[in-house]
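Please open the model in your viewer, with the sequence panel beside it, and follow the selections below in the order in which they come.

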Amino acid sequence: MTSKDAVLSESAQLVQSALLTRGLETPMLPSELSADERKDQIEQHMRAILNLMSLDLTDDSLADTPRRIAKMYVDEIFSGLDYQNFPKITVIENKMGFDEMIKVNDISLTSTCEHHLVTIDGLATVAYLPRKNIIGLSKINRIVQFFAQRPQVQERLTQQVLVALQTLLETKDVAVKMDAVHYCVKSRGVMDSTSSTTTTALGGIFKSNPATRAEFLSN
Ligand SMILES: Nc1nc2c(ncn2[C@@H]2O[C@H](COP(=O)(O)OP(=O)(O)OP(=O)(O)O)[C@@H](O)[C@H]2O)c(=O)[nH]1
Ligand SMILES: [Zn+2]
């Protein structure tokens, strides 16, 4: 939902185009609305939904809820639908010739299940084998966060992070693992409060070399 006339960073454009090519982009339709127009319309629709649930929106605790939800959707939990919010990426030339695995463990992951719009809560681990470039460490967390701030299924989220990093680092040798609890499984439906889901997306040597794969998957 990138706004019309938005100028995207080069990184954002490269990542978006790689995801489209691979068929991994979140299904979206073009929209010409600005973020403010989007918030105004979401607020109105939220007001209608809450009214339909017989809530009294004149109560001071509920009065601002439609606006709060609209802001939360556009600026926070679904902000990753807009590539204008793609993080600024610092890629550094690998002058030191570092050629061992770089692995970031236990990245906090909070997303939203696209089937029920409830929370997905977990951890991500991301690794790569540097070639030409290395990336600022926090940028890995930020890329996970960006794609998590969308309605998601865990499988797509895992692959989007893989392809984004492969594109920015110009190497296939990237691995992503996510462990998460889905609140659509925990707090409703089957009401299972103990299960969690693990997904992995492995590229290049992480897929082809059993030792590298094992080193990544062992914590
Ligand atoms: N593969 C996958 N499934 C997910 C994810 N998040 C939620 N789901 C599942 O999406 C499915 C939607 O199934 P439906 O039968 O259409 O929905 P439902 O009637 O609410 O299903 P229940 O959750 O079983 O009550 C459920 O089985 C969810 O557990 C995810 O990240 N990946
Ligand atoms: Zn769900």
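Select helix 4 (residues 137-148) together with helix 5 (residues 154-169), whose axes come within 10 Å and cross at roughly 135°; helices here are DSSP runs of H or I with at least four residues, strands are runs of E with at least two, and both are numbered from the N terminus. Axes are lines fitted to C-alpha atoms, for helices over the stretch in contact, and angles run from 0 to 180 degrees between N-to-C directions. Helix 4 and helix 5 are therefore oblique to each other, given that angles under 35 degrees count as roughly parallel, over 145 as roughly antiparallel, 65 to 115 as roughly perpendicular and the rest as oblique.

Now show the side chains of Ile143, Val144, Phe147 and Ala148 in helix 4 and of Leu157, Gln160, Val161, Ala164 and Leu165 in helix 5, which make the contact; two residues are in contact if their C-beta atoms, placed from the backbone, lie within 7 Å. Coloured by class, this contact shows eight nonpolar residues, one polar and no charged, where Ala, Val, Leu, Ile, Met, Phe, Trp, Tyr, Cys and Pro count as nonpolar, Asp, Glu, Lys and Arg as charged, and the others, Gly among them, as polar.

A word on provenance: this is a predicted model, in which local features need pLDDT of at least 70 and side-chain atom pairs count only at pLDDT 80 or more, while totals for chains, interfaces and linings use all residues. Residues are numbered from 1 along each chain as its sequence is written, and chains are lettered from A and ligands numbered from 1 in the order in which they are written.

Which residues does the UniProt annotation "binding site" cover? The unreviewed entry gives Cys113, His116 and Cys184, and such annotations may be inferred rather than shown by experiment. Although these residues are spread over 72 residues of sequence, they cluster in space, with a largest C-alpha distance of 7.4 Å. Cys113 lies in strand 2 (residues 102-113) and, with 18 C-beta neighbours inside 10 Å, counts as partly exposed; a residue is buried if 20 or more other C-beta atoms lie within 10 Å of its own, exposed if 12 or fewer, and partly exposed in between. Beyond its neighbours within four places in sequence, Cys113 is in contact with Val118, Ile120, Gln152, His182 and Cys184. His116 sits in the loop between strand 2 and strand 3 (119-128) and, with 15 C-beta neighbours inside 10 Å, is partly exposed.

Finally, zoom out to the whole protein, which has eight helices and seven strands, and in which 27% of the 219 residues are buried. The UniProt annotation "domain: GTP cyclohydrolase I", from an unreviewed entry, covers residues 42-218.
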